[in-house]
Amino acid sequence: MTSMHAASEGAKATPQARGGYRLETLAIHAGRSIDKGTGAVAQPIHLSTTFERDVDGDYSRGFMYGRNRNPGRAALEEAVALLDGGAGAAAFSSGVAAASAVFQGLQPGDHVIAPSQGYYGTVNVLDRIFAKWGLERSFVDMTSLDALRASLTPQTRLVWVETPSNPLLQCVDIAGVVEMAHARGIRVVADNTFASPVVQQPLRLGCDMVTYSTTKYLGGHSDVLGGVVISRESDEHFETVRATQVYGGGVLSPFDCWLLLRSLPMLPYRMRGHCANAQRIAEYLAEHARVKAVHYPGLPDHPTHHVAQGQMHGYGGMLSFEVEGGLKEAMALAARLQLFTRATSFGGVESLVEHHASIAGPHRSVPQGLLRLSVGLEHVDDLLADLDQALTTD
């Protein structure tokens, strides 16, 4: 058995312990081991909800009950922690459940700063659930470090970062936020769902935790719902997240863990395809006479392009653009597209188009003529041809 397989069977693994393997290698091997009983290379699914105790009543094999720990979930958590350079991870039944676990580690009266262009699910969690528990919150344009500084209070305990933002793809200076927050003893958590660990690694930029909706790029096939919290350190804050996972019960199912672990090996190559296709499409749209504006950090004239250059490896598979004519023309254009499915989500192999203002909620100021694209892995020339026919048809 190789040292890598041995590490995935119990030894606490780090990139250094794995010999400094690169991301592509980690994506294939992290969290995986040869099955001892059968020699199977493919990972089994362990559906059992309960596990045998030793004769002395102990659980020397590390598993007691499915809510506490499952072999597949343990393998997935090890894998995603290694991909992001973290010390540990906790997998949940959805991205919102993962975010909620972070907020549940705070106390009534604590203050959270979140982005004004934040994911509506996170906004709803803060406004509709944790506000009733006395958690104070402010929503700030985090592309301005001055605006963030002005929002800090003596009660601020957490800064929640989302970059690139949804749907305008604004990029936040993660290292700048971390420096400002840590100087005041404030923790920083980044929702990295729009980027993935292939494109951006917030823990290496100083964030204390990173979260994902694994439904998106980590799953990559629009067929599994999940979320994860990854911590830079195995500290008391992460133990609080782990306790919420175990006692709150919002754990990821064994089959969903298996689906995610099965999807990770191709994540680096999928992300390169998403990024390359999105870059080509953004450049095409930026030159089209019927397009008012394109929001993609890979374009040199994007207002936060310089920030993206400093912290991203590629610019992601998400972009948005605005057309003249507002709601009516945006809806008509989306209806003319043939390869882009009209659906709300992102990160799958198929391309999606969304009229974001229709689902953004009343708290968001989103242009009615804006369409958000999740650029998939179809051949980029076919996607460009589809956009061209939709933009040139009246």
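What you're looking at is a predicted model, in which local features need pLDDT of at least 70 and side-chain atom pairs count only at pLDDT 80 or more, while totals for chains, interfaces and linings use all residues. Residues are numbered from 1 along each chain as its sequence is written, and side-chain values use heavy atoms, leaving out hydrogens and water.

The chain splits into domain 1 (22-35 + 46-264) and domain 2 (267-392), with bounds taken from an automatic or database domain assignment. Their C-alpha centres sit 26 Å apart. Each side brings 38 residues to the contact, where contact means heavy atoms within 4.5 Å.

How much area do domain 1 and domain 2 bury between them? It's about 3,100 Å², with 62% of that on carbon and sulfur atoms. Buried area here is the accessible area (1.4 Å probe) that two parts lose on being put together, summed over both.

Glu24 forms a salt bridge with Arg272, and their closest N and O atoms are 2.0 Å apart.

On domain 1's side, helix H2 (23-29) and helix H5 (120-129) each supply at least two of the residues touching domain 2. H2 gives the most, with three residues. Helices are DSSP runs (H or I, at least four residues), numbered from the N terminus.

Technical notes
Salt bridge = Lys/Arg side-chain N within 4 Å of Asp/Glu carboxyl O.
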